[in-house]
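I'll jot things down as I look them up.

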Amino acid sequence: MKATDSYLESVKKQFLYYKMLGEKAIAQLEPEQLFVTLNEDTNSIATIVKHVSGNMLSRWTDFLTSDGEKEWRNRDSEFENDLKSKEEVLLIWDKGWDCLLNALNSLNPEQLSDIIYIRNEGHTVIEAINRQLAHYPYHIGQIVFYAKQLKKGDWDSLSIPKNKSGNYNAEKFAKEKEIKNFTDDELKRS
């Protein structure tokens, strides 16, 4: 497998992994917890989802042929806490992820060095993908952290549970060495 093929496979798996983490965090919450804000300067989980989805729709619609900051995007409105239900939150979440995954799945390795623009700044396709692969996990980390706080201790860990690193490592080192993506086992479980 060529490096460009393995790069695309790797980023697809990483995006799916972070999508899964966000969904597992959201699934642990009561619907009303999605709309909690601590103060005027913080965003609810629903608002974070709305922003991430808005960014995805802007960046990944016509990914190779139009600027990633679409004229129709109203970024400021993404931070208005106006979603009303968990179903609405999940619908907007899926809309953004579907756009991203469809764009990624349509890419060919030969296009990775093509130039695309975000706010008139040129990026190779690889740079643009990497930019979003940093941006979305940043916000998903916020979702997970906030969800864990809202659950107040009644939390199903999304990674290695506290004080279980030894067990986790023993399980990993008991297996033969193999080459695989770090997300493979987690994505199979979900």
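I looked up F15 to begin with, and I found it in helix α1. I'm working from a predicted model here.

Is F15 buried or exposed? I get a relative accessible area of 1% for F15, so it counts as buried, the cut-off being under 20%.

Next I checked who sits around F15. Leaving aside neighbours within four places in sequence, I listed W60, W97, L100, L104, I129, Q132, L133 and Y136 as its contacts. I took a second look at L133: 118 residues separate it from F15 along the chain, yet their C-alpha atoms are 6.9 Å apart.

Then I went to the largest nonpolar core, which has 45 residues. Which of them touch the most other members? I wrote down F15, I45, W60, F63, L100 and I129. The elements giving two or more residues to this core are α1 (3-27), α2, α3 (86-106), β1 (115-118) and α4 (125-151). I noted α4 as the source of the largest share, 10 residues.

Beyond four places in sequence, I129 contacts Y7, L8, V11, F15, W60, F63, L104, L107 and L112.

Last entry: H51. I placed H51 in helix α2, residues 45-60. With a relative accessible area of 3%, H51 is buried. What does its side chain make a polar contact with? I found the side chain of H135, at 3.4 Å. Not counting residues up to four places away, H51 touches R73, R75, E78, F79, H135 and H139.

Conventions
Residues numbered from 1 in each chain as written. Predicted model: local features only at pLDDT ≥ 70, side-chain atom pairs only at ≥ 80, totals over all residues. Heavy atoms only, no water. Helix = DSSP H or I, 4+ residues; strand = E, 2+ residues; numbered from the N terminus. Buried < 20%, exposed > 50% of the residue type's maximum accessible area, 1.4 Å probe, protein only. Polar contact = N/O pair within 3.5 Å; in protein donor to acceptor, adjacent residues only side chain to side chain. Contact = heavy atoms within 4.5 Å. Core = buried A, V, L, I, M, F, W, Y, C linked by side-chain atoms within 4.5 Å.
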